[in-house]
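I opened this model to look up its strands, helices and domains. My entries follow.

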Amino acid sequence: MTWYKDWMVVSDLDGTLLDHDDYSWEPAAGALATLKHHGVPLVLASSKTLAELRLLAKELEIHQPMIVENGAALAWPEGEDYSSQTMGRPRAELIEVIEQLRADNGWRFSGFADWSASDVAEDCGLDLEQAALALDRHGTEPLVWQDSEEAYDQFVKEIEAAQLRAVRGGRYIHVMGQFDKVDGLMAVVEALGVGRATRLKILAFGDSPNDAEMLSAADVAVRIRSRKSTDMKVQAPLLLQPTQPGPYGWAEAFDQWWKAEGKPASSTPNPS
Ligand SMILES: [Mg+2]
């Protein structure tokens, strides 16, 4: 049996497989073709919605389970499409808590619930159709914080008291139930590993603190360089830190892993 049959790959999107600014994955196209050719599953794990991920998976020509909205939901391949499984609290409940906190404390922040599709389009650099997909949410609410760091710390305390959590992603703060991308990953590893004698090994890619737990659960973790990557504490047995950002770094680390047949030496520390 060839070594790669023991592996699956899981990847964050924004700032990781997709370029932070133009959302391109083209620099990693060769790596993705290698995975596809050898039948190694690539699982997308993102703060994006199922509506957004469905389109992207089609573009990438993959049809695997997906970790949606930071783990708020899982998408399982079903026929040509996906069935969704909600993991956290529904979005309407989150919005109720967030709006009450803002009314009670006068904190300055805004989120998707306050915005029209054209506001979302402008802020994310999306077209209107894409913005509508981003607004089609299961169980996370993206916010832009416009108040002090002290107020933010207080906000986080209140959010946690309401049995929710706030996680900083590349672009937004995501308010969500008490679950994480890693919870989704564990469910997916189990599902993909059905019938195997040993657990599938995991190669994981991420660039922000909301990827930290997922990377720490991997056998080989890749910390993609970004503005937030140094805030991410990763405890995987093996950590690769490519020098280039986004999909360029993705391809760089992938090649290192692939050429070493899943046993690369740890790369030198990220100097940033
Ligand atoms: Mg990211």
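**Notebook: sheet, helices, domains**

I count strands as paired if DSSP finds at least two bridges between them. Strands (E, at least two residues) and helices (H or I, at least four) are DSSP runs, numbered from the N terminus. Within this pair, Arg168 stands opposite Ile173 in S9.

The model is predicted, so I read local features only at pLDDT of at least 70 and side-chain atom pairs only at pLDDT 80 or more, while totals for chains, interfaces and linings use all residues. Residue numbers start from 1 along each chain as its sequence is written.

Next I traced the whole sheet. It is open, has 4 strands in the order S6-S7-S9-S8, and pairs antiparallel. Strand S6 (109-111) and strand S8 (164-168) are the edges; each has a single partner strand, so one side of each lacks a neighbour in the sheet. On average, neighbouring strands here are turned by 30° against each other, direction ignored. For axes I use lines fitted to C-alpha atoms, for helices over the stretch in contact; angles run from 0 to 180 degrees between N-to-C directions.

Then I checked what lies on the sheet. Helix H3 (residues 91-105) lies across S6, strand S7 (140-145), S8 and S9, at about 30° to S7. Helix H6 (residues 149-161) also packs on the sheet, touching S7, S8 and S9. The direction of H6 makes about 140° with that of S8. Contact means that C-beta atoms, placed from the backbone, lie within 7 Å.

I moved on to the domains. Which residues belong to each domain in the assignment? Domain 1 takes 3-87 + 180-259, and domain 2 takes 91-177. These bounds come from an automatic or database domain assignment. The domain centres, taken over C-alpha atoms, are 24 Å apart. In the contact I find 21 residues from domain 1 and 15 residues from domain 2. On the domain 1 side, helix H2 (50-60) and strand S5 (81-86) each supply at least two residues. H2 gives the most there, with 3 residues.

Last, I took the overall view. The protein has 9 helices and 12 strands. Its C-alpha atoms fill a box of roughly 60 × 45 × 35 Å along the principal axes. Of contacts with a separation of 6 or more, 60% link residues 24 or more positions apart.

Conventions: Contact = placed C-beta atoms within 7 Å.
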